Amino acid sequence: MTCREVLELLLEYVNGELPPDRREHVRHHLECCPPCVTYIETYQVTIRLTRQLPSAPLPPQLLNRLQKAAAELKGERQGGKE
Amino acid sequence: MEESDKVSTGPPLTPEQVFLEHGPRVYNLARRMLGNDADAEDVTQDVLLQVVRKLDTFRGESNLATWLHRVTVNAALAHRRKRAQRQEHEIHDPLESFSGNGFHTHAVKPWWVTPEKAAENHETSTLIEKAIAELPEIYRDVYVLADVEGLPNAEIGEMLDLSVPAVKSRLHRGRILMRNALAPHFEEVAS
């Protein structure tokens, strides 16, 4: 198995979705390929870093626009009922 | 969404609740899909006002969160089409950066960064956000929905009209591009 073949299977490998025989082929390659081991570690760090990205709050100007639009909508509805 | 899905128990939501509790999620998803704050604000406003117009039909929040994901994705895709700035240039397949015999062509260095160390680091978050914004759109959408939003592949496939194998293929390529974009910033420097 080549490094490229390992890379192609990486998503399923890290998710534990590979069939046992293919998983064994990957493991065998990793035993003698430090660059692929490092590559997999950094691939997994990338996933974990992305998963913990903080959420930005709504920008104040957008919140103001939304509140104004909601108030107008409420006014239109009340006007419609009269 | 079916009417029966929208109605559940609980008091009606107020516009303020919708903005404060659901707004950031809508805004962040739109911002990451569109890679642009101004466009994300427009999409967020459209989506949240759609909800406010239909507040009478929502009771409780569990179904609203799922519905918002879908509506935000659709609104972001529509906004992108309207913007007509689709990337025309050829997209390089990240799986093709190997030698002819399929082995690494250059050294793969370990990273100094760890998720634990990076959790509170603003600079790291900025680098990751920038790398996401620079992903080609076909990989970015799937990457954001899977690895930022944590949605299952089947749900992403339904939202983007893709098969599950296509979602997995795009996600894998998106992850590789992200990994390769971050590597120069995080690789250990040989002493």
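A residue is classed as buried if 20 or more other C-beta atoms lie within 10 Å of its own, as exposed if 12 or fewer do, and as partly exposed in between, with C-beta atoms placed from the backbone. By this criterion, buried residues account for 32% of the 191 residues in chain B. The structure is a predicted model, in which local features need pLDDT of at least 70 and side-chain atom pairs count only at pLDDT 80 or more, while totals for chains, interfaces and linings use all residues. Residues are numbered from 1 along each chain as its sequence is written, and chains are lettered from A and ligands numbered from 1 in the order in which they are written.

Chain B contains 9 helices and 0 strands, where helices (H or I, at least four residues) and strands (E, at least two) are DSSP runs numbered from the N terminus. Along the sequence, the pattern of chain B reads α-α-α-α-α-α-α-α-α. Of the contacts in chain B between residues at least 6 apart in sequence, 72% join residues at least 24 apart; two residues are in contact if their C-beta atoms, placed from the backbone, lie within 7 Å.

Helix H7 (residues 137–148) and helix H8 (residues 153–160) of chain B pack at an angle of about 140°, their axes being 10 Å apart. Axes are lines fitted to C-alpha atoms, for helices over the stretch in contact, and angles run from 0 to 180 degrees between N-to-C directions. H7(B) and H8(B) are therefore oblique to each other (angles under 35 degrees count as roughly parallel, over 145 as roughly antiparallel, 65 to 115 as roughly perpendicular and the rest as oblique). To this contact H7(B) contributes B:Asp141, B:Val142, B:Leu145 and B:Ala146, and H8(B) contributes B:Asn153, B:Ile156, B:Met159 and B:Leu160.

The largest nonpolar core comprises 45 residues, and those with the most contacts inside it are B:Ala30, B:Leu48, B:Val142 and B:Tyr143. Such a core is a set of buried Ala, Val, Leu, Ile, Met, Phe, Trp, Tyr and Cys residues joined through C-beta atoms within 7 Å. At least two residues of this core come from each of helix H5 (60–81) of chain A and H2, H3, helix H4 (62–83), H6, H7 and H9 of chain B. H2(B) supplies the largest share, 8 residues.

Between the chains, 42 residues of chain B are in contact with 36 residues of chain A. H9(B) gives the most to the side of chain B that touches chain A, with 8 residues.
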